[in-house]
Amino acid sequence: PELLSQRFHAAWKARGAFDYSRDAWRRLVVATFRDTGAPDVDELLFEAIFRRFESPGAWRMYSDAVLALEMLSDLGIPILIISNWDQRLRTLLEAMELADGFASITISCEVEAHKPSPEIFARAAESVGLTPREVLHVGDSYDEDYQGALNAGFQARWLSREGGADGERLDSIRELTELIPFDRAPTIALPSRA
């Protein structure tokens with residue numbers, strides 16, 4: 001498992017253009033298993049892996065994310081998801097009993113644009129009738145989430161749990177409580193990995 005985890009991270013970093021399609025995921029899985037001594041990835045193995053990652057057991061929520069979602073919900077702040085992912089995300093969110101907690105879910109496979117493209121951000125804001133400037137986007141990818149949101153006209157913060165030097169960086173999503181002016185709270189957009 002450790003070797004496959006390392007190989008996955010290396011394959012993810014080297015992925016290049018990635019459209020989050022089933023074929024793109026297949027190429028990533030094949031690259032992960034290549035030269036590990038494991039058998040080649042056939043359709044049966046790929047299907048098992050692909051299906052595994054639409055089940056709640058393959059994922060965990062950060063405890064600070066759960067608390068942040070509860071706090072934002074209690075304040076009546078609409079929460080959006082803007083995600084570079086595929087059609088499995090809706091099924092996964094429903095299985096995790098999270099789907100009803102969001103005002104809008106915008107998935108790259110459905111809008112045929114992925115972050116950092118301004119198109120996916122624009123579609124998310126439009127889905128709830130807001131201008132980009134009215135939305136604060138929080139994401140864990142500096143380029144795709146933070147820079148992508150800024151380029152689309154959103155307010156943005158970069159969630160970097162490993163730390164960093166940027167003044168717009170959050171160590172924990174719970175730090176959102178310090179950003180919310182209670183007289184005029186923005187809509188919050190989160191990536192699916194928050």
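A salt bridge here is a side-chain nitrogen of Lys or Arg within 4 Å of a carboxyl oxygen of Asp or Glu. I started from that, and I kept in mind that this is a predicted model.

**Entry 1: salt bridges**

I searched the whole structure and got 13 salt bridges. I picked a few to look up one by one.

I went to R22 and E43 to begin with; their side chains meet at 3.2 Å, N to O. R22 sits in helix α2 (residues 22-33) and E43 in helix α3 (residues 43-52), so this pair ties together parts that are 21 residues apart in sequence.

Next I looked at R51 and E47, whose side chains form a salt bridge of 2.9 Å, N to O. Both belong to helix α3 and are four residues apart, which means about one helical turn separates them. I noted 36% relative accessibility for R51, so I count R51 as partly exposed. E47 has a relative accessible area of 26% and is partly exposed as well.

Then came R161 and D64, another salt bridge, with 2.9 Å from N to O. R161 is in the loop between β4 (155-159) and β5 (169-170), while D64 is in helix α4 (residues 63-74), so the pair links parts that are 97 residues apart in sequence. R161 is partly exposed, with a relative accessible area of 28%. Is D64 buried or exposed? I found D64 at 9% relative accessibility; the cut-off for buried is under 20%, so D64 counts as buried.

I also followed the shared partners. R22, R26, E43, E47, R51 and E54 are joined into one network by their salt bridges.

**Entry 2: helix α7**

Which residues of α7 (residues 118-127) are buried? I wrote down I120, F121, A124 and A125. They span an arc of only 135° around the axis, so they lie on the same side of α7. I then asked what covers them, and the list includes β1 (79-83), β2 (104-107), α6 (108-111), β3 and α8 (142-151).

Just past the end of α7 I stopped at G129, which has a positive phi of about 70°.

**Entry 3: H137**

β3 had turned up in the cover of α7, and I looked there next. H137 lies in this strand, which runs over residues 135-139. With 0% relative accessibility, H137 counts as buried. What does the H137 side chain contact? I found D145: a polar contact of 3.1 Å joins the two side chains.

Notes:
Residues numbered from 1 in each chain as written. Predicted model: local features only at pLDDT ≥ 70, side-chain atom pairs only at ≥ 80, totals over all residues. Heavy atoms only, no water. Helix = DSSP H or I, 4+ residues; strand = E, 2+ residues; numbered from the N terminus. Buried < 20%, exposed > 50% of the residue type's maximum accessible area, 1.4 Å probe, protein only. Polar contact = N/O pair within 3.5 Å; in protein donor to acceptor, adjacent residues only side chain to side chain. Arc of directions from axis to C-beta. Contact = heavy atoms within 4.5 Å.
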